[in-house]
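The sequence and the coordinates are shown first, and the description follows.

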Amino acid sequence: MAEVLRREVVYLITAIVTILMFIEFFFIGTWNVAEELRTWATIIANISIALGAVRLLAEHAKNVQRRRAGVWPFSIWLWIIFLVTLLSGLAGYVIKQDAMTNPLYNWLFTWPYTSLGQTLYAITGFYIFSAAYRAFRARNIDAALLLIAGCFVILTNAPIGGVIWSGIPVIGRWFLDYGQVPGMRCFLIVAAFGMLAYGFRALLGRERGFYGEVAGE
Amino acid sequence: MPYPTDPAGIAGLWIAWLLMLMIYSYPLYKENPAFRFAEHTYVGLMLAIMLVRTTITTTIRMVGPPLMQGKVWYVIPIILGFMMFFLLTPKYRWISRYPIAILVGAGFGLGMRGVLIPDITNQVISTITPPVTGAGAVDWWNYIYIAIGTICAVMYFVLTWEHRGGMGYATRLGRWIIMIGLGAYFGNTVLFRMAMLSGRAQFFLQVLKIAPM
Amino acid sequence: MSEELTFWEKLARIDRRVFYWILFIGLMIPFIRPIMFPISISPSTRDLYEGIIEMVEPGDVVVMNIAFGVSAWPECMPAFAACTKLLIKEGAKIIFWGAYYDVDLSYEEVLRRCEDYFKDLKYGEDYVYLGYYPYQEAAVAQLASSIRSIFETDNYGTPLDEIPMMKNVDKATDIKLVLSGDTGDVCDYYIRQWRIPYGVPVAEIGIAMLGSSYMPFYKSGVLFGMSVGVRGGAELEKLIGEPGEATIRMGAINISHILVIIAVVLANIGYFASRGRRR
């Protein structure tokens, strides 16, 4: 019985929910059950976002507890900034139903968070530049095609390409509007078939990786 | 945004500028404590903001009004959501499979029904639809290129048969077509990365009032 | 016995930090001394612009989906702001909502960039901000069936039934079109759950990479238009006649892209020269 609760019932729930969502497509707007389940799924996803946060915070708490050399002072700082931001945001929400009304939360959100987010996202610009020098070699015809298409697109995206030679935007625009279409379309089609195959496997209970099962369990 | 004039804004601007330099000290110099400090600051801020905005305020907003209207069954998704936390305990991890089952089922059901038309049907129709009457040679060339290219590129991913003989030629052409697509993707990636980095370069100058804000 | 390194081999051994400094300083130059060249308009951006003008009538309700975080402002915000200005000019009523937890900041930034346009508009009658919804296909599908099941109130706690422009708006069929600004696959969700089942026109205002990923959708007519990264933003600014941040940023794009091309060309010359020497 315990095994049935841990496995078969879970697969059955997955199959029922999948089929309900699928069938609803043919009766759009009339299946309240599917709509209700989607709302539930949204609420569950919302709450489970905290799972990642809890895991990460637990890891940093362990660093502090074990006094991991070179790491634990930063983990303490992470906890401090986390608690300050969380409490100030909650204070704003409790008092005025809007976390942004708390001045400290607003300040932390507007200045350090925005700058750090943009900075970390942009750091890959450096790496793509060094990769362009160190890794992008036309070693064979495949790499040559990739580089030629890439270079024309790069010089089309930058207006200076048209100044260097009027033919660059013409060729580059062809690569963007037609040249890349078969490749990208192929990825779409293949990924769609993969999604269908994977979904059917999940529906039949043969995809178990989501539930933490390992082979032979 | 305009250059701030209030003390909190000016302090925030300069702290943002310093944090940016701390982060860029890693690629421009080497890994150092300042980089790690800024990195941990971001992670702490991000976690807190994420929790405040998503898990707490949005969940309350989504379940509060229905519960107050008497829809008591909205307690079920809350309980299911908290059941996810059993993932952290090895002994009772199986309890988290129930909310995961709902998420997986909803995701696959919506995804499977969603990809049929835009990702498969529409793409095939678009591939095989010839240009309109009166179209020029360039339009016909583009049509043939896209049609043959798509077919050969899809054949490259068909692994049921060995890529030999006629199939070998077609799949090699397919691979070249895919490389052209990836090259264009790489070109767009460069645009994306450089646009982001240029934003930071601009910010560096704006804080120093060398460039207008 | 050590062999003397060739010029190309020495070049290949330069510390990568030198390249990073060259790039970072190079990116700053256009902001001090602008380098501007004419910008041509791509077909996808033109279709987006003309599509909005043709489809939107005064009073139509339009959704502006903010599915990009503050990190992607340099790429997405200029085009998003330009589309917002265009929609206001066309007399549309705009619903703002977003799938990133920092959507509040992005919304405020849109208001700031379009300040002149918003000063004559009234919140609740001409535009409304509903806030954050989870980054999930189920949430997007649920918004299509019933907006109120995800947003009982706007971001400030006012019930949707008390907001004038939301009185008769609750499902996808009440929406004229969706403009999705995103960095990932949220536009996919709108295509699958709004465009195909309900026929709501959808356009993408995204990062440059999505210009490649969504090109098949644009070519097959599923998307009625597309703005590709900061370049799309510059094109839209030109189309609406208000050059702004994206146009200025194209100067930095010129420098950075030339540097990348130089790096690729030098690397390949060095590779072929070394290969010849090794043979």
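## Chain C and its burial

Of the 279 residues that make up chain C, 57% count as buried. The description rests on a predicted model, which scores ipTM 0.91 and pTM 0.92. For chain C, the mean pLDDT is 92, and 97% of the residues reach 70 or more.

The secondary structure of this chain comes to 13 helices and six strands. Taken along the principal axes, the C-alpha atoms of chain C fill a box of roughly 85 × 40 × 35 Å. Among its contacts between residues at least 6 apart in sequence, 74% join residues at least 24 apart.

## Domains of chains B and C

Chain C is divided into domain 1, formed by residues 7-33 + 251-278, and domain 2, formed by residues 43-243. The centres of these two domains of chain C, taken over C-alpha atoms, are separated by 38 Å.

Chain B is likewise described by domains: domain 1 covers residues 1-70 and domain 2 covers residues 130-213. The C-alpha centres of domain 1 and domain 2 of chain B lie 35 Å apart. Seven residues of domain 1 of chain B are in contact with four residues of domain 2 of chain B. On the domain 1 side of this contact in chain B, the classes are seven nonpolar, no polar and no charged residues.

## Interfaces of chain B

Chain B touches both chain A and chain C. The table gives the classes of residue on each side of chain B.

| Side of chain B | Nonpolar | Polar | Charged |
|---|---|---|---|
| touching chain C | 26 residues | 13 residues | two residues |

Towards chain A, 97 residues of chain B are in contact with 91 residues of chain A. The elements of chain B that give two or more residues to this side are α1 (7-28), α2 (33-68), α3 (75-83), α4 (97-128), α5 (137-156) and α6.

Towards chain C, 41 residues of chain B are in contact with 44 residues of chain C. Here the elements of chain B that give two or more residues are α1, α2, α4 and α6. The most is given by α6(B), with 17 residues.

## Helix α6 of chain B

The crossing of α6(A) and α6(B) is right-handed. Among the residues that make the contact are L145(A), I148(A), G150(A) and V153(A) of α6(A), together with W176(B), M179(B), G183(B) and F186(B) of α6(B). By class, the residues of this contact of α6(A) with α6(B) divide into 15 nonpolar, five polar and two charged.

Helix α6 of chain B also holds Y185(B). Why does Y185(B) count as buried? Y185(B) counts as buried because it has 23 C-beta neighbours inside 10 Å, where the cut-off for burial is 20 or more. Leaving aside residues up to four places away in sequence, Y185(B) touches Q180(A), M209(C) and S212(C).

Conventions
Residues are numbered from 1 along each chain as its sequence is written. Chains are lettered from A and ligands numbered from 1 in the order in which they are written. This is a predicted model: local features need pLDDT of at least 70, side-chain atom pairs count only at pLDDT 80 or more; totals for chains, interfaces and linings use all residues. A crossing is left-handed if the near helix is turned anticlockwise from the far one by less than a right angle, and right-handed if clockwise. Helices (H or I, at least four residues) and strands (E, at least two) are DSSP runs, numbered from the N terminus. Two residues are in contact if their C-beta atoms, placed from the backbone, lie within 7 Å. Ala, Val, Leu, Ile, Met, Phe, Trp, Tyr, Cys and Pro count as nonpolar, Asp, Glu, Lys and Arg as charged, and the others, Gly among them, as polar. pLDDT is the predictor's confidence in each residue, from 0 to 100. Domain bounds come from an automatic or database domain assignment. A residue is buried if 20 or more other C-beta atoms lie within 10 Å of its own, exposed if 12 or fewer, and partly exposed in between; C-beta atoms are placed from the backbone.
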